[in-house]
Amino acid sequence: MKFIRPFKQTLAVLLLLVAALPVVAHGQSAPARPKVIFFDVNETLLDLESMRASVGQALNGQNELLPLWFSTMLHYSLVDTATQRYHNFGDIGVAALMMVAHNNGIELTEVAAREAIVTPLRSLPPHPDVKAGLQALKDQGFRLISFTNSSNKGVQTQFENAGLMEFFEARYSIEDIQIYKPALASYEWALKQAGVEADEAMMVAAHGWDIAGVKAAGMTGVFVTRPGKSTYPLAIPADKEVGSITELAAWLESL
């Protein structure tokens with residue numbers, strides 16, 4: 001019986017120590033400060049909402065088909081990667097729009113499909129939180145690099161029109177290796193270009209498929225919960241979910 005009191009005292013101390021530990025929810029871990037933060041572009045930084053009018057018009061006013069078009073474009077970019085072929089993302093986007101139109105009984109020429117996509121895609125506005133969030137991250141000393149499936153020229157034009165050029169030290173495109181995200185080789189290439197290891201890098205994206213690739217590649221993944229977006233339940237969970245880039249900056253500053 002003599003050992004019961006010391007045991008209870010030790011147990012009480014252990015419980016106090018456990019209670020003092022920071023509470024970290026599943027999939028919401030607090031990683032080490034990254035040396036580089038990569039950003040996806042379309043939907044993560046740039047708002048696709050303005051494309052609904054032109055794409056919807058091309059699809060006879062069926063605006064609800066826009067998500068199907070985007071997912072079809074992604075699907076066939078991965079078909080290219082799996083079959084070791086390559087077409088730029090814009091051309092795949094045009095082909096995907098024509099497929100969606102055909103499958104829904106809508107007549108659409110290649111010229112009309114290209115006009116519906118290219119012009120609005122070049123001038124997408126940033127989400128309202130983006131500039132303030134990126135500036136806050138820069139003020140904290142982070143290296144910021146965009147990494148996208150879109151072409152080099154396309155992203156340059158988008159950033160110039162959206163006023164985002166000043167925030168990024170570099171813009172990476174899979175065009176240079178012709179392997180689309182979320183293939184692991186694409187992330188490995190980006191890490192090599194930036195001169196960092198996987199555990200030194202974070203990627204921010206509003207796409208479940210992108211986060212799935214990021215986590216499989218060993219990087220820290222942050223999911224931005226843009227409207228209509230969710231993570232893939234069967235993938236390795238994101239390290240953090242945020243509602244905006246400003247929330248991301250505040251979270252990193254608090255670590």
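**Helix packing and core of the predicted model**

The structure is a predicted model, in which local features need pLDDT of at least 70, side-chain atom pairs count only at pLDDT 80 or more, and totals for chains, interfaces and linings use all residues. Residues are numbered from 1 along each chain as its sequence is written, and side-chain values use heavy atoms, with hydrogens and water left out.

The protein has ten helices and six strands. These elements are DSSP runs, numbered from the N terminus: helices are H or I of at least four residues, and strands are E of at least two. Of the 255 residues, 45% count as buried, that is, under 20% relative accessible area with a 1.4 Å probe and protein chains only; exposed means over 50%, and partly exposed lies in between. Contact means heavy atoms within 4.5 Å. Among contacts with a separation of 6 or more, 63% join residues 24 or more positions apart.

Two packed helices are described by the angle between their axes and the distance between the axes. Helix α3 spans residues 66–82 and helix α4 residues 89–103. They pack at about 125 degrees, with axes 8 Å apart. Axes are lines fitted to C-alpha atoms, for helices over the stretch in contact, and angles run from 0 to 180 degrees between N-to-C directions. From α3, the contact uses L68, W69, T72, M73, Y76, S77 and D80. From α4, it uses F89, I92, G93, A96, L97, M99 and V100. By class, this contact has ten nonpolar, three polar and one charged residues. Here Ala, Val, Leu, Ile, Met, Phe, Trp, Tyr, Cys and Pro count as nonpolar, Asp, Glu, Lys and Arg as charged, and the others, Gly among them, as polar.

Helix α4 also packs on helix α5 (residues 110–122), at about 120 degrees and with axes 9 Å apart. The pair α4 and α5 is therefore oblique. Their crossing is right-handed. D91, G93, V94, L97 and M98 of α4 meet E110, A113, R114, A116 and I117 of α5. This contact has six nonpolar, one polar and three charged residues.

The largest nonpolar core has 70 residues. Such a core is a set of buried Ala, Val, Leu, Ile, Met, Phe, Trp, Tyr and Cys residues joined through side-chain atoms within 4.5 Å. F38, F39, W69, L137, M219 and L248 have the most contacts inside it. Helix α4 supplies the largest share, seven residues. L248 touches F39, L137, M202, V204, V222 and V242, not counting residues up to four places away in sequence.

Helix α9 (residues 208–216) is largely enclosed by the rest of the structure, because seven of its nine residues are buried. These are G208, D210, I211, A212, G213, V214 and K215. Their cover includes α8 (184–194), β4 (201–205) and β5 (220–224). G218 follows α9 and has a positive phi, near 90 degrees.

I174 sits in the loop between β3 (170–173) and α8. It is buried, with a relative accessible area of 0%. Its contacts include Y86, F147, T148 and N149, and also I179, Y180, K181 and S186. I174 and T148 are 26 residues apart in sequence, yet 6.6 Å apart in space, C-alpha to C-alpha.

How values were computed. Parallel < 35°, antiparallel > 145°, perpendicular 65-115°, else oblique. Left-handed = near helix turned anticlockwise from the far one by under 90°.
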